[in-house]
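Here are a few friendly notes to read alongside the structure. Take the points one at a time, and find each element on screen as you go.

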Amino acid sequence: MASNAKNSEAFMKHVMEAAAGMSSELGQRMQSDPEGWRNQVLGMMEHMKGTGAVAYPGGPTLSQGFEDMISAQAISDEMVQKALKDGFMQALTGALRNPDRWSYGDGEQTPVRRKEAMVVQHVWGRGGDYSLDNPALSDWARDCHLGEFAKVKAHLDNEPKLLDRRETLLRLNGLFHVIYGMRTVDSKDSRMASMKVEKKEGRDHLACAKFLIERGTPVDCRDMAGHTPFHHCTGMFGTKLTLKLADYLLDKGADINARNRNGDTPLMVALSGNNELCVDFLLERDPETNVTNYDGNSLVQSALNFPDLQRKMWAYASKKSELERSKAKATGKYRTCAVCSKSNGLKRCTGCFLVWYCGSKCQKDDWKGHKANCKATQAEYVPVVLRQHGHSQIYNWTANSEVTVTPKSEQKISGKHHFIVKVGIAHVNADEGGLTLYNKEKTVYGQLAPKDDVYLELVRAVKKDGVMGVKGFFYAIWEDGKGLRVNAKRIQPPESW
Ligand SMILES: [Zn+2]
Ligand SMILES: [Zn+2]
């Protein structure tokens, strides 16, 4: 198929361009040997063709994933070309001078996933048809971009409708134009060099942004990809200057956890853009870290190509977990006697295993009150079947080693034991496959099958109350003849392992 060959070319072009934009180890390797990488990727695609190979159990085939990527690329290119052409015609015919023909408001904001998300991401990530050279761009947009305070004010006094006018495929209003210009002013990013807005008398981006918000631009307005001004200030191209505006936006009520149309929070966008300055800025302001986007990506997966940022996120998560443990302790929910709050010499209740006592006296005193609760909790332990198969090579290539488990020994446990188990989401689309479960000693380890009811319950609990949406701790009982049972209903405070 000729179109397939053409698509492969387009895909390769995209891969190489993406690599050029990466400062990660992977990006450097790809840049230092583009031909080698090209052959490797092409070989991989060829190999996958028709094999039905999947990236993870139950997921779409790899070749389908590639096809989606290629076709999303083509669709987005076409959208940009059409927008450029339409804009040019409108500029020629003077249609853009008529406020009745302008676009207003945030427009289409439905959530997007997978291929649809890729299309939006391609258009947005490469700037769509946004350029100061685009003849369809208004003088208003240009002056906002340049930070020309007096001119911006004069435009708006003359035509108040400009405040919410949206331009280009990216659907940018005045505030977004300001930020697009602002981020070039003090940028150290080489990709911004050719777009740099020179500092000049009368130019003041920060003043322009504040002015537009005071005039009524909503702090959490959205562009075509669902990004808020805050996303833009703290994203891939965020700078010291845009972070000043970010703090102002927070003061005005901006949502630090706002989701774009693919469910990405500002922190996810900063991580996937490898912008450490912005990541640090966000982490200091206590963003939500137990989040996944609409494709199931967690924060760690957002930083997939940037090991330093991944390490930073894990370090941040363990600091947070420590805090959670001490909070749970203070409220008697973690290793303190349920009666007298002592914290040494503790034993778990041998019925439910989730309540502690310092000795038989306290336990006896509490039994009347605890009995019903204990029975109910005991009934929450349900059997799980563990399988032992590895992940595919493709998966390991990108996976965080955090969820790769090697059993300590082949020894099987016997008798009756109870212990904490860690449940890790091994793949982004956890609803479809990839949960790993093991205890600290790794005498119990394996993968869970998605068809079990408890599987989805565990996934939901980890995503909602686990550590960064990828791992969570639960209590489990092993009994000969009965196998392993887990209480998925009560996620435990995070452990340090
Ligand atoms: Zn006690
Ligand atoms: Zn109990």
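1. In which kind of crossing does α6 pass α8, left-handed or right-handed? The crossing is right-handed. Please keep in mind throughout that this is a predicted model.

2. Let's stay with that pair. Helix α6 covers residues 139-146 and helix α8 covers residues 174-185. Their axes come within 6 Å and cross at roughly 45°. An angle under 35 degrees would count as roughly parallel, so at this angle α6 is oblique to α8. On the α6 side, the contact is made by W140, A141, C144, H145 and L146. On the α8 side, look for G174, H177, V178, Y180 and G181. Sorted by class, the residues of this contact are 6 nonpolar and 4 polar, with no charged ones.

3. Now try helix α7 (residues 149-158) with helix α9 (residues 205-214). Their axes come within 9 Å and cross at roughly 20°, and the two helices are therefore roughly parallel to each other. α7 passes α9 in a right-handed crossing. Here F149, V152 and K153 from α7 meet A207, C208 and F211 from α9. This contact has 5 nonpolar residues, 1 charged residue and no polar ones.

4. Helix α9 also packs with helix α11 (residues 240-251), at an angle of about 25° and with the axes 10 Å apart. That angle makes α9 roughly parallel to α11. The crossing is right-handed. α9 contributes H205, L206, A209 and K210 to the contact, while α11 contributes L241, K244, L245 and Y248. By class, the contact of α9 with α11 has 5 nonpolar, 1 polar and 2 charged residues.

5. Next, the strands. An open sheet is formed by 7 strands with antiparallel pairing, and their order is β5-β11-β10-β7-β8-β9-β6. Which strands are at the edges? They are β5 (381-384) and β6 (386-387), each of which pairs on one side only.

6. Within the sheet, have a look at strand β7 (residues 416-425) and strand β10 (residues 471-479). The two run antiparallel and are joined by 9 bridges.

7. Finally, which helix lies across β5, β7, β8, β9, β10 and β11? It is α18, made of residues 453-465. Helix α18 runs at about 35° to β11, the strand of residues 483-492.

Definitions and conventions: Residues numbered from 1 in each chain as written. Chains lettered and ligands numbered in written order. Predicted model: local features only at pLDDT ≥ 70, side-chain atom pairs only at ≥ 80, totals over all residues. Axes fitted to C-alpha atoms, helices over the stretch in contact; angles between N-to-C directions. Helix = DSSP H or I, 4+ residues; strand = E, 2+ residues; numbered from the N terminus. Parallel < 35°, antiparallel > 145°, perpendicular 65-115°, else oblique. Left-handed = near helix turned anticlockwise from the far one by under 90°. Contact = placed C-beta atoms within 7 Å. Nonpolar A, V, L, I, M, F, W, Y, C, P; charged D, E, K, R; others polar. Pairing = 2+ DSSP bridges.
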